[in-house]
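Please find my comments on this model below. They are set out as numbered points and can be read against the coordinates.

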Amino acid sequence: MSLPSVSDYSLLEKIGSGSYATVYKAFKKDGCREVVAIKRVDKSSLSKSAVDNLLTEINLLKILKHEHIVEMKNFFWDEGHIYIVMEYCDGGDLSSFIKKRHSLPEFICRRFLQQLALALKYLRNHNVVHMDLKPQNLLLMKKPQLTLKVGDFGFAQYLSNSEQKFTIRGSPLYMAPEILLKRKYDARVDLWSVGVIMYECLFGKAPYSSSSFQELAEKIKDSRPIELPKGSHVSQGCKDLLMSLLKPDPNLRISFDDFFAHDFLDLAHAPSKENYEKAVGLLQEAVKMDAEKNSKEAFHFYCEALRYFIPILTSESDPKRKEILRAHVNDYIKRAEVLKASCIDNSDKKDKALKVEDKGNSSAAHRIPSLNERLPMHYELRTLSKSTTNMADALEIGEIAELYFAEGNYALALEKFQSCLGVLVPLLGKEPPGRRRDLLYKQVQLWMKAAESTKGLVATKDIEESVQRSDSFDQCTIQ
């Protein structure tokens, strides 16, 4: 079958088709011979709504320029067709990628979700809702590294949280329940679609997979609870995000702000030039504190720098740069561990000195120090918190977190720190002014800092294995 002729471009092969458009791989005839994808739309097949969708897509793509959104390079038309020239994505779409592998490892799912979230954050800043997020519309680049890009903005529209429509848009399997049930909806429909995509990445099928539209509609009308497939295992953070996205009631669904801030995505530390500069700045502070013998602050800055450096390391595509960065990161990890041991050792020495001081001061000839002078801060706080059961229990959990941290069991330490802070932070907000509030504030600040440092050390755990695993997955993908 012969390929159509297009001015200024040579068509190489057909790579996709829809109800009114066909997509071709092509290259420009001029000297650069850049490879592109050309969407060729048959004017005669366009309904009024299809024309509106196409105009919306072209107008949006003129404005939207982001590393995780497929770029429109040009558009033109002739007597019978409209042509949209897009950047060519050599990895196909996410749907084919999942089908080929049946399901994706959690770390790859996180990488794709990070990139999708960055694109959605950009769209939110431009007040744009995609309305048709699904694996088929998420295209992949293989080189220089595996990268996801959002495409097909035919159903996209400008829509604020206050604006609500009734038009059915999108693909039923990925469509939010409020659209399918013809209820009012808003920008949160995209979050439901992200949840379905995440579920499909992890388990190889959509949560409401059905043999017919009628069956799908019935499952959604019944508000059947979404469950993980039997025998499946995902991390708690992954499960929490997934279930927060897949809430049929949009008022119970995770908000955009909470989605972007979720620990599983960790967008704040996603690989970027800006975050590399932040990592370097934190490292410089760590070295400065280290030189000044301020072990605690140096340790904290090293851990914070590592939270930025490790995602950058795992995503680095150049082998030489990756090897150099890996060597530096290993040095930072070792120094952080040395400083951690030093801090714990110094703390133990202070505790022993306090016990000796207590014994020496037992004589009536010596002044009896106040409770605050004799005991670490949280011990005094424990004494003052006995009347508040929740506070006392949370402080005990925090002390257990410190023990896990000292033993190097960072995952459990982080879990305990987060658990105790989840109780103490709300209590602090209600605590009246006084000595107990002052102590509680200081303890919360210390444990929040400890939790942040622990996150950095959690990220370093088995770094060689995680980097190699990421490398091998990328190599298998590129082949």
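1. Basis. This is a predicted model, in which local features need pLDDT of at least 70 and side-chain atom pairs count only at pLDDT 80 or more, while totals for chains, interfaces and linings use all residues. Residues are numbered from 1 along each chain as its sequence is written, and side-chain values use heavy atoms, with hydrogens and water left out.

2. Overall make-up. The protein chain has 17 helices and 9 strands; helices (H or I, at least four residues) and strands (E, at least two) are DSSP runs, numbered from the N terminus. Of its 479 residues, 45% are buried, where buried means under 20% relative accessible area, exposed over 50%, and partly exposed in between (1.4 Å probe, protein chains only). Taking contacts (heavy atoms within 4.5 Å) between residues at least 6 apart in sequence, 62% join residues at least 24 apart.

3. Cavities. A cavity is a set of points, on a 1 Å grid over the protein atoms alone, where a 1.4 Å probe fits but cannot get out; lining residues have an atom within 4 Å of a point.

4. Lining of the second largest cavity. The residues that line it are L94, C109, F112, L113, L116, L138, L148, I197, M198 and C201. By class these are 10 nonpolar, no polar and no charged residues; Ala, Val, Leu, Ile, Met, Phe, Trp, Tyr, Cys and Pro count as nonpolar, Asp, Glu, Lys and Arg as charged, and the others, Gly among them, as polar. Helices α3 (106–125) and α5 (189–203) each supply at least two lining residues, and α3 gives the most, with 4.

5. Helix α6. Which residues of α6 (residues 213–221) are buried? They are L216, A217, K219 and I220. These cover an arc of only 160 degrees around the axis, so they lie on the same side of α6; the arc is that of the directions from the helix axis to the C-beta atoms. Q214 and K221, on the other side, are exposed. The cover over the buried residues includes α4 (177–180). S223 follows α6 and has a positive phi, near 50 degrees.

6. Residue F97. F97 belongs to helix α2 (residues 94–101) and is buried, with a relative accessible area of 5%.

Notes:
On a 1 Å grid over the protein atoms alone, a cavity is a set of points where a 1.4 Å probe fits but cannot get out, and a pocket is an open set with protein on both sides within 12 Å along at least five of seven lines; lining residues have an atom within 4 Å of a point.
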